[in-house]
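This briefing describes a two-part structural model, topic by topic. Please consult the sequence and the coordinates alongside the text.

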Amino acid sequence: MTLQEERHVLVVYPHPDDEAFSVAGTVRMYRNMAVPVTYACLTLGEMGRNLGNPPFATRESLPDIRRQELVAACAAMGIEDLRMMGLRDKTIEFEDDEKMVKLVTNLIEELNPSVIYTFFPGFAVHPDHEATARAVIEAVRRMPKEARPRILAVAFANDTVEKIGEAPIVVDIRSVKDDKIKALQAHASQTAWMMAETEKRIDDGEVLSDSWLNVEKFYPFTFED
Amino acid sequence: MKEVNTQELQELLNSFANKDVFIHLETTNGSYAAHYDEKFFNAGAFIRNVKLRYELGKIVDDAPHRVGLKLEHGWVYAQGITHFKLDTEGRLLMAGLDYTGKLAVALEISETPFAY
């Protein structure tokens with residue numbers, strides 16, 4: 001699938017690295033088309049578990065490390081408008097629901113996006129992903145039907161294909177694969193182990209069919225009314 | 001953080017006794033535990049910036065270590081502590097890192113509140 005022109009793309013995810021796994025290639029392609037992209041990253045992944053052994057960080061120093069990684073990843077994706085929304089990792093579902101909807105509504109009113117990338121509720125695994133998706137969808141649902149941006153959502157729960165089928169939108173990102181790898185590498189505190197494993201397999205001469213480096217898959221979220 | 005030295009950590013625990021301190025206590029298996037293993041029962045607990053005062057803090061020399069704080073009316077303890085650090089802000093950060101370097105438990109003590 002080739003990407004269509006957009007007025008403005010809004011990406012809403014809770015953790016630094018969610019965007020690199022989910023939309024890095026797609027975003028890079030938008031940026032290559034000069035489409036404006038805003039990334040609202042709700043937390044700094046303060047509760048990330050990977051501190052290394054021997055450790056490279058503490059529970060208290062991790063957010064600063066992940067902030068720097070996020071900035072570097074955005075550079076790799078060409079995102080010039082990064083918003084760090086200041087919430088705390090693993091607490092989003094406990095925030096006031098109206099506050100969360102308002103957060104998204106404010107972004108929509110300011111940026112007037114034609115499409116929003118986020119997670120698909122019910123199939124997003126992490127409680128922060130679910131809470132983020134619920135806020136985005138409720139904010140858009142409240143808009144007049146004709147004014148609503150499209151929602152393209154990532155689903156990766158184990159029962160996704162069984163329950164909602166294969167993703168109908170598959171973006172071929174092979175032309176920007178190197179940029180996606182750079183974005184993933186930028187989140188080294190989260191991805192170093194995984195990236196090292198992938199590089200070893202390349203060195204070992206394996207043909208990588210890793211779909212996450214070739215395509216990004218999305219489900220459109222549609223409203224009944 | 002470095003690996004627990006029982007004597008050094010005991011002295012640090014002593015230094016915070018009988019003072020008002022802020023506590024961060026966390027146990028976690030990660031939010032993906034039940035995604036990777038659907039039979040896994042994922043449980044954990046988290047408190048941050050709860051203010052208390054302990055009269056006795058003790059580390060048991062049995063690695064991975066247990067650290068207990070005896071309060072006037074109760075207890076705080078953490079099991080599985082492997083690493084510690086007194087950071088530049090004078091906060092005592094203790095963590096239990098599993099064999100792959102992932103945090104499983106954290107107990108932190110500070111005289112000033114931790115960030116949000």
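In which loop of chain A is Ala34(A) found? Ala34(A) is found in the loop between helix H1 (18-32) and strand S2 (37-43) of chain A; helices (H or I, at least four residues) and strands (E, at least two) are DSSP runs, numbered from the N terminus. This is a predicted model, in which local features need pLDDT of at least 70 and side-chain atom pairs count only at pLDDT 80 or more, while totals for chains, interfaces and linings use all residues. Residues are numbered from 1 along each chain as its sequence is written, and chains are lettered from A and ligands numbered from 1 in the order in which they are written.

**Chain A overall**

- Chain A comprises eight helices and seven strands.
- The radius of gyration of chain A is 17 Å, which agrees with the value near 17 Å for a compact globule of 225 residues; it is taken over C-alpha atoms, and the globule rule is 2.2 Å times the number of residues to the power 0.38.
- The C-alpha trace of chain A spans about 55 × 40 × 35 Å along its principal axes.
- Of the 225 residues in chain A, 47% are buried. A residue is buried if 20 or more other C-beta atoms lie within 10 Å of its own, exposed if 12 or fewer, and partly exposed in between, with C-beta atoms placed from the backbone.
- Among contacts in chain A between residues at least 6 apart in sequence, 80% join residues at least 24 apart; two residues are in contact if their C-beta atoms, placed from the backbone, lie within 7 Å.

**Local features of chain A**

- Ala34(A) has a positive phi of about 65° although it is not a glycine, and it counts as exposed because it has 8 C-beta neighbours inside 10 Å.
- Val125(A), in the loop between strand S4 (115-119) and H4 of chain A, also has a positive phi, near 70°. With 18 C-beta neighbours inside 10 Å, Val125(A) counts as partly exposed.
- Pro149(A) lies in the loop between helix H4 (127-141) and strand S5 (150-154) of chain A and is buried, with 21 other C-beta atoms within 10 Å. Beyond its neighbours within four places in sequence, the contacts of Pro149(A) include Ile108(A), Pro113(A) and Val140(A).
- In helix H6 (residues 177-186) of chain A, the buried residues are Asp179(A), Lys180(A), Ala183(A), Leu184(A) and Ala186(A). Seen down the axis of H6(A), they fall within an arc of 160°, so they line one face of the helix; the arc is that of the directions from the helix axis to the C-beta atoms.

**Strand pairing in chain B**

- Chain B has an open sheet of three strands in the order S4-S5-S6, with antiparallel pairing; two strands pair if DSSP finds at least two bridges between them. Strand S4 (54-60) and strand S6 (75-81) of chain B are the edge strands.
- Six bridges join strand S5 (residues 65-71) of chain B to S6(B), and Leu69(B) has Val76(B) as its bridge partner in S6(B).
- Strand S2 (residues 21-27) of chain B is joined by seven bridges to strand S3 (residues 45-52) of chain B and by six bridges to S9(B); both pairings are antiparallel.
- Pro64(B) is in the loop between S4 and S5 of chain B, and the peptide bond from Ala63(B) to Pro64(B) is cis, with omega near -10°.

**Contact between the chains**

- The contact takes 23 residues from chain B and 15 residues from chain A.
- Strand S7 (83-86), strand S8 (92-97) and strand S9 (103-110) of chain B each supply at least two residues of the side of chain B that touches chain A.
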